[in-house]
Amino acid sequence: MEKIKVLLIDDDEDDYVLTKAIFGELADKYELSWVNSYEKGISAIRKALYDVYLVDYRLGKSTGIELLQEAKNSGSEQPVIMLTGKGDRSIDEQAMQYGAADYLVKDEIEADMLDRCIRYSLTQAGILKALKSSERKYRTMFEQAKDPIFISDDKGRIQDMNSGGLRFFGYQHDQISGLDDRSLFRNPVDAEQFHHLLETKGLLSDFECEMVSGTGDVYHCSLSSFIQTDMISVTETYHTIVRDLSYRKQIEDQSVNLGKMAISEHIARGLGDELRDPLSTINLALEELASEEGFAYNESVQRNLEIVRANCDRLNQLIHNFISSTETKTLNLQRHDLSEVIDEALAGIQDLIAGHGIQLSREVNLSGAQAFVDRQKMVEALKIVLVNAVEAMETYPKQIHVKASINEKSFEIVVEDNGPGILPGNRSKIFEPFFTTKIRANGLGLTHAQRLLTTHHGHITYKALPSGSQFLIQVPVYKDSTLWL
């Protein structure tokens with residue numbers, strides 16, 4: 001069996017002789033070496049030349065505690081046993097604090113005691129080394145994981161968050177210490193349900209909810225979490241992995257919207273046909289009544305007939321707008337500079353902007369990137385959103401800010417206004433046909449804009465601002481190899 005290499009670091013040669021004699025009683029399983037100075041001892045520790053070190057507390061001008069500190073700072077993993085000439089509790093506590101494997105009083109050392117102490121120290125060092133290795137592997141996995149991961153205590157206070165989580169939630173590392181993980185949930189009810197289920201089951205998989213970043217961005221996520229219990233300190237920590245399902249949710253919503261639009265188109269055409277026939281009959285009857293000899297010169301009758309005719313025309317136009325807003329038309333897809341598309345939309349409502357005294361600001365960072373879109377329909381959709389923003393503002397100063405940027409997946413156009421915003425109860429209805437809070441409006445504008453963007457495989461979302469509203473338009477970036485026609 002390979003001998004265990006032991007180094008005695010002691011500046012007293014007599015102590016070395018006594019220690020050697022004690023080792024002589026331990027058969028032939030140890031190989032004892034000796035150095036007589038602090039400098040030689042720390043050099044041997046740094047080079048990891050021995051399996052275990054016996055360190056005297058007194059080392060000339062230095063102490064064994066200082067050597068322990070230096071060994072710890074150098075990353076040494078071999079056990080160090082502190083030796084002293086007499087028992088001193090404060091030295092014992094200091095030695096343990098700085099990582100000593102054990103503490104022995106020289107006058108009390110016996111062969112069996114020393115053997116047991118070395119074996120115990122080596123066993124503990126092996127366990128500690130394995131734990132450190134496991135911790136390093138865990139830390140590497142934790143930091144390199146792309147999915148956000150956060151660790152919180154049983155009160156919900158966040159203790160740590162990996163780099164992916166910091167990027168996802170928009171925090172710096174010094175901002176998350178003690179942050180309540182409930183603040184990451186958009187809906188407080190989801191936060192309480194998450195904690196209740198985790199505490200009840202101890203393990204939670206695929207818990208879907210909406211989470212919010214430090215900048216207010218909302219993501220549809222799936223959470224998987226487990227509780228780790230430390231039996232020594234009797235504490236619990238929650239380890240939670242976050243999967244961003246926002247893209248999947250967008251695809252699902254887009255599929256639902258396409259289905260709704262197909263149904264709406266079918267209903268609109270059927271309803272339009274059913275209404276146009278009686279309207280045509282009414283208009284013919286109006287013409288006959290207007291030409292009747294008894295009514296031809298009756299101003300009161302003619303005025304009332306004109307009112308009926310005007311309302312018939314209005315109904316006919318409403319039917320036309322409804323059908324148009326639900327109609328799927330072939331797109332004329334070509335590459336266009338979105339900066340120019342935005343400029344064209346703004347130019348188209350310039351008079352409206354000026355008439356309402358709007359302060360318009362523009363921040364477009366597209367670097368000449370071209371989107372694969374139907375230019376006319378994109379301009380139309382943008383104009384609808386811009387007009388909606390203009391008409392939403394009631395008090396001065398009236399401000400609209402238009403931003404545009406591009407990322408790996410999509411072009412993004414943001415229209416923000418400082419109007420009164422949309423009441424919480426109405427936010428889920430704003431894209432529904434005929435829903436409007438405006439007087440003399442048909443409620444089809446945003447429905448039509450959504451349809452135009454959906455046919456581009458894009459989408460539009462609403463977000464309430466502290467003062468005003470934001471509409472985010474996203475159009476996918478298509479590579480040459482994936483263009484759809």
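Lys377, Met378, Glu380, Ala381, Ile384 and Asn388 of helix H13 are in contact with Gly445, Leu446, His448, Ala449, Leu452 and Leu453 of helix H14, contact meaning heavy atoms within 4.5 Å. The residues of this contact comprise 7 nonpolar, 3 polar and 2 charged; Ala, Val, Leu, Ile, Met, Phe, Trp, Tyr, Cys and Pro count as nonpolar, Asp, Glu, Lys and Arg as charged, and the others, Gly among them, as polar. The axes of H13 (residues 375–392) and H14 (residues 445–454) come within 9 Å and cross at roughly 145°. Axes are lines fitted to C-alpha atoms, for helices over the stretch in contact, with angles from 0 to 180 degrees between N-to-C directions. Helices (H or I, at least four residues) and strands (E, at least two) are DSSP runs, numbered from the N terminus.

The model is predicted: local features need pLDDT of at least 70, side-chain atom pairs count only at pLDDT 80 or more, and totals for chains, interfaces and linings use all residues. Residues are numbered from 1 along each chain as its sequence is written, and side-chain values use heavy atoms, with hydrogens and water left out.

S1 (residues 4–9) pairs with S2 in the parallel sense over 6 bridges, and Ile4 has Tyr30 in S2 as its bridge partner.

The whole structure contains 17 salt bridges, each a side-chain nitrogen of Lys or Arg within 4 Å of a carboxyl oxygen of Asp or Glu. Asp56 forms a salt bridge with Lys106, their closest N and O atoms being 3.1 Å apart. This pair links distant parts of the chain, 50 residues apart: Asp56 lies in S3, and Lys106 in the loop between S7 and helix H5 (111–144).

The mean pLDDT, the predictor's confidence in each residue from 0 to 100, is 79 for the protein chain, and 82% of its residues reach 70 or more. Over residues 481–485 the pLDDT is below 50, and this stretch has 11 contacts in the model beyond near neighbours in sequence. Where pLDDT is low, the predicted coordinates should not be read in detail.

Technical notes: Two strands pair if DSSP finds at least two bridges between them.
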